[in-house]
Amino acid sequence: MLKRVIVAVVCVPILLGMVYVAPVWMLPAAVALLSAIAIFEALYSTGFLQHSRITAYSILLAGLIPFWVFYDSRSLPALLGLFIYVVLIFCDAMASRKKVGLEKIGGAFFLSVFIPFFLSSFLRIRKLEDWGYYIILPFVIAFLSDACALFAGMAFGKHKLAPTLSPKKTVEGAIGGVCGATAAAVLSGVLAGPLFGVEGCRLWVLAVYGVVGSVLSQLGDLSFSYIKREYGLKDFGDLFPGHGGVLDRFDSVLFCAPFVEIMLYLLPVVK
């Protein structure tokens, strides 16, 4: 627990500095780096794909997608990049004499696109008006959901939520996570005016963000727990002491960030 607190104390200011103080180009660079590390963790720790060149292609693709999202977003560069990637992995798969099957190719492709594209929600939100407030919403919801679920589970947990996937998670912890994330989302709307100059936040909308966002955050956590149990892993990595690797720390954010991005268009915080 102490390691988790220390990492949070160190990393939160770095995260805020990266978003609000650092040059603009550092945000896509940070997302690209996290995406590349996440792909490496997913492929290496599970032993799912033991082909160095295809792994390298996948890491490179994951690192390029955030820059495409932030600086270009046109269809032709994306088509070109995916076309080259697919041609290369099929050439290497055929050269491997059937050692790399369709399952491996499909898994590498899925992870290399899904992870960076979902993490790039922060880059798309960065282009919106009032982005300074909106960009922290996924972190507020996901991280407070994680923290409140942990403490509520420790204090009140009796009924297992998904014992085969994550033995320590409880129904009471999940409810605590939803309550904590919802309260944090509403409170962020109250503070949005004095801190970010965003007036007229609809608090009931933020409550919806908090409830659904917390459920999706916990689903993201369980989804990657499913992968870890499938391959007998405790963590994907050890980049963040007490938390694990990038995927262990950002699994909930991966599901929450795209949800917040979508909702900002479908059900805006400010009418």
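The crossing of α10 and α11 is right-handed, that is, the near helix is turned clockwise from the far one by less than a right angle. The model is predicted, local features need pLDDT of at least 70, side-chain atom pairs count only at pLDDT 80 or more, and totals for chains, interfaces and linings use all residues. Residues are numbered from 1 along each chain as its sequence is written, and side-chain values use heavy atoms, without hydrogens and water.

**Packing of α10 and α11**
- The axes (lines fitted to C-alpha atoms over the stretch in contact, with angles from 0 to 180 degrees between N-to-C directions) lie 8 Å apart, at an angle of about 140°.
- Contact (heavy atoms within 4.5 Å) involves residues including Y209, D221 and K228 of α10, and D248, F259 and V260 of α11.
- The residues of this contact comprise 14 nonpolar, five polar and four charged; Ala, Val, Leu, Ile, Met, Phe, Trp, Tyr, Cys and Pro count as nonpolar, Asp, Glu, Lys and Arg as charged, and the others, Gly among them, as polar.

**Packing of α9 and α10**
- Helix α9 (residues 171-196) and helix α10 (residues 203-230) have axes that come within 8 Å and cross at roughly 145°.
- This crossing is also right-handed.
- Among the contributors are G177, A181 and G189 of α9, and G210 and S214 of α10.
- The contact divides into 11 nonpolar, six polar and no charged residues.

**Nonpolar core**
- In the largest nonpolar core, of 63 residues, I115, Y133, Y209, V260 and V269 touch the most other members. Such a core joins buried (under 20% relative accessible area, 1.4 Å probe, protein chains only) Ala, Val, Leu, Ile, Met, Phe, Trp, Tyr and Cys residues through side-chain atoms within 4.5 Å.
- Helix α11 (residues 246-266) gives the most to this core, with 11 residues; helices are DSSP runs (H or I, at least four residues) numbered from the N terminus.
- Y209 touches residues including L137, I141, F259, V260 and V269, leaving aside residues up to four places away in sequence.

Technical notes:
Helix = DSSP H or I, 4+ residues; strand = E, 2+ residues; numbered from the N terminus. Buried < 20%, exposed > 50% of the residue type's maximum accessible area, 1.4 Å probe, protein only.
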